[in-house]
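Morning, everyone. I have one structure to walk you through today. Please take a look at it first.

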Amino acid sequence: MVKIQIIGRLGKDAEKVTINGKETIRFFVGVDQKIGTEKQTRWLLCYTGNEKILPYLTKGKLVYVDGNHRITTNTKDGKTYVNEYVNASELQLLSKDEPKDDLPIGAI
């Protein structure tokens, strides 16, 4: 098992999907990396079973995600693509524009 901790921004609103008959929340987190003098964004596809958090996971929100990390590769039209997935065991909203009393905080 490989664990990862990331802080980044959501690339689009989270969505509810069904995977293997189980409803889950899927969201993309972009993490900026500096390679030499160039900045690149690394996108990780994250999942959580906590449906209560769905309304808060909107495009641009800053989040902290901790969970199991998995990498897959696939080739299409001669080009290899790397896909990174995180099964979130902890998720925290770090954006300050939400009312504190409504904000779910802590482990999911």
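Let me start with Arg-42. At 27% relative accessibility, Arg-42 counts as partly exposed. On this scale, buried is under 20% relative accessible area, exposed is over 50%, and partly exposed is in between, with a 1.4 Å probe and protein chains only.

Some ground rules. This is a predicted model: local features need pLDDT of at least 70, side-chain atom pairs count only at pLDDT 80 or more, and totals for chains, interfaces and linings use all residues. Residues are numbered from 1 along each chain as its sequence is written, and side-chain values use heavy atoms, leaving out hydrogens and water.

Back to Arg-42. Its side chain meets that of Glu-84 in a salt bridge, 2.6 Å from N to O. A salt bridge here is a side-chain nitrogen of Lys or Arg within 4 Å of a carboxyl oxygen of Asp or Glu. Glu-84 lies in strand β6 and Arg-42 in strand β4, so the pair ties together parts that are 42 residues apart in sequence. Glu-84 is buried, at 11%.

How many salt bridges are there by this rule? The count is six. Another one links Glu-15 with Arg-26, with the closest N and O atoms 2.5 Å apart. Glu-15 is in β2 and Arg-26 in β3, so this pair ties together parts eleven residues apart in sequence.

Now the overall fold. The protein has zero helices and six strands. Both are DSSP runs, numbered from the N terminus: helices are H or I, at least four residues, and strands are E, at least two. Of the 108 residues, 33% count as buried.

Next, the core. The largest nonpolar core has 19 residues. Such a core is a set of buried Ala, Val, Leu, Ile, Met, Phe, Trp, Tyr and Cys residues joined through side-chain atoms within 4.5 Å. Ile-6, Phe-27 and Cys-46 are among those with the most contacts inside it. Strands β1, β3, β4, β5 and β6 each supply at least two of its residues. Contact means heavy atoms within 4.5 Å. Beyond its neighbours within four places in sequence, Cys-46 touches residues including Ile-6, Val-65 and Val-86.

Last, two loop residues. Asn-20 sits between β2 and β3, and its phi is near 55°, a positive value. Asp-77 lies between β5 and β6, with phi also near 55°. Most residues other than glycine have a negative phi. Are these two buried or exposed? Asn-20 is exposed at 80%, and Asp-77 is exposed at 77%.
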